[in-house]
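Open your viewer and get a cartoon view ready.

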Amino acid sequence: MTASAIRVMICDDQMMVREGFSVLLNAMPDIEVVGEAVNGREAVTKVAELAPDVILMDIRMPELNGIEATREIVASAAETKVLVLTTFDLDEYVYQALRAGASGFLLKDASARQLADGVRVVAAGEALLAPTVTRRLITEFSRITQAPKAGAVAQVGDLTERETEVLVLIAQGLSNAEIAEHLVVAESTIKTHVSRVLVKLGLRDRTQAAVFAYEARLVTPS
């Protein structure tokens, strides 16, 4: 285990899920499972104690569900990124978790490689996790809100034309490299634009930026 290993906590009310994910992740040289929680309330407490880089969060749990736990963790200004665990890729609760501040989601039947890669991506905050699936989920459940949110629309006015363009491309699931190719600019330039977009809109990461873009109706369901 390296000194810079990604610290992970697993929150799920099923022991087999926790133990299975722990074995898979601890087998990775750059990932270390530092704790487990059996419900959302315990997760909130242990995040404060252990300060993991990433928490794998189940949604449907007793006492405090994953959505509320995610909201509390994000509100506490913790640096921990939340990666939601779900059985179905179009679980209606996943969209609510993303809005609450989760950085992405992962299916529980993911392979060991997908699980580890998902943790790495979310820890780095560099790209949407499984962008095609995440985009489909956001598209599906953004239908719930028919009109754009006034606050989101107002915030868009703080962005430059190029920053707005980059935000739309993020919501479409493009990576920094793909956006750079699309706009014919250097990838470092795109990284700067992404950072500015996140700061101006007060967002944690690219997943939150994608949700924002849909809620502001910069991107619409098709």
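Contact, on this tour, means heavy atoms within 4.5 Å. Helices (H or I, at least four residues) and strands (E, at least two) are DSSP runs, numbered from the N terminus. You are looking at a predicted model, in which local features need pLDDT of at least 70 and side-chain atom pairs count only at pLDDT 80 or more, while totals for chains, interfaces and linings use all residues. Residues are numbered from 1 along each chain as its sequence is written, and side-chain values use heavy atoms, with hydrogens and water left out.

**The whole protein**

Start with everything shown: the protein has eleven helices and five strands. Of its 222 residues, 49% are buried, where buried means under 20% relative accessible area, exposed over 50% and partly exposed in between (1.4 Å probe, protein chains only). Among contacts with a separation of 6 or more, 70% are made by residues 24 or more positions apart.

**Helices α8 and α11**

Next, select residues 161-171 for α8 and 206-215 for α11; their axes come within 8 Å and cross at roughly 100°. The axes are lines fitted to C-alpha atoms, for helices over the stretch in contact, and angles run from 0 to 180 degrees between N-to-C directions. Angles of 65 to 115 degrees count as roughly perpendicular, so that is the description for α8 and α11.

Now show side chains. From α8, Leu-167, Ile-170 and Ala-171 meet a set in α11 made up of Arg-206, Ala-209, Ala-210, Phe-212, Ala-213 and Tyr-214. This contact has eight nonpolar residues, no polar ones and one charged; Ala, Val, Leu, Ile, Met, Phe, Trp, Tyr, Cys and Pro count as nonpolar, Asp, Glu, Lys and Arg as charged, and the others, Gly among them, as polar.

**Helix α9**

Move to residues 176-183, helix α9, and colour its buried residues: Asn-176, Ile-179, Ala-180 and Leu-183. Look down the axis of α9, and these residues fall within an arc of 100°, so they line one face of the helix. That arc is taken from the directions from the helix axis to the C-beta atoms. Their cover includes α8, α10 (187-201) and α11. Turn to the other side of α9 to find Glu-181 and His-182 exposed.

Val-184 sits in the loop between α9 and α10 and counts as exposed at 71% relative accessibility.

Finish at Arg-217, in the segment after α11. Its phi is also positive, near 60°, but Arg-217 counts as buried, at 19% relative accessibility.

Technical notes:
Angles under 35 degrees count as roughly parallel, over 145 as roughly antiparallel, 65 to 115 as roughly perpendicular and the rest as oblique.
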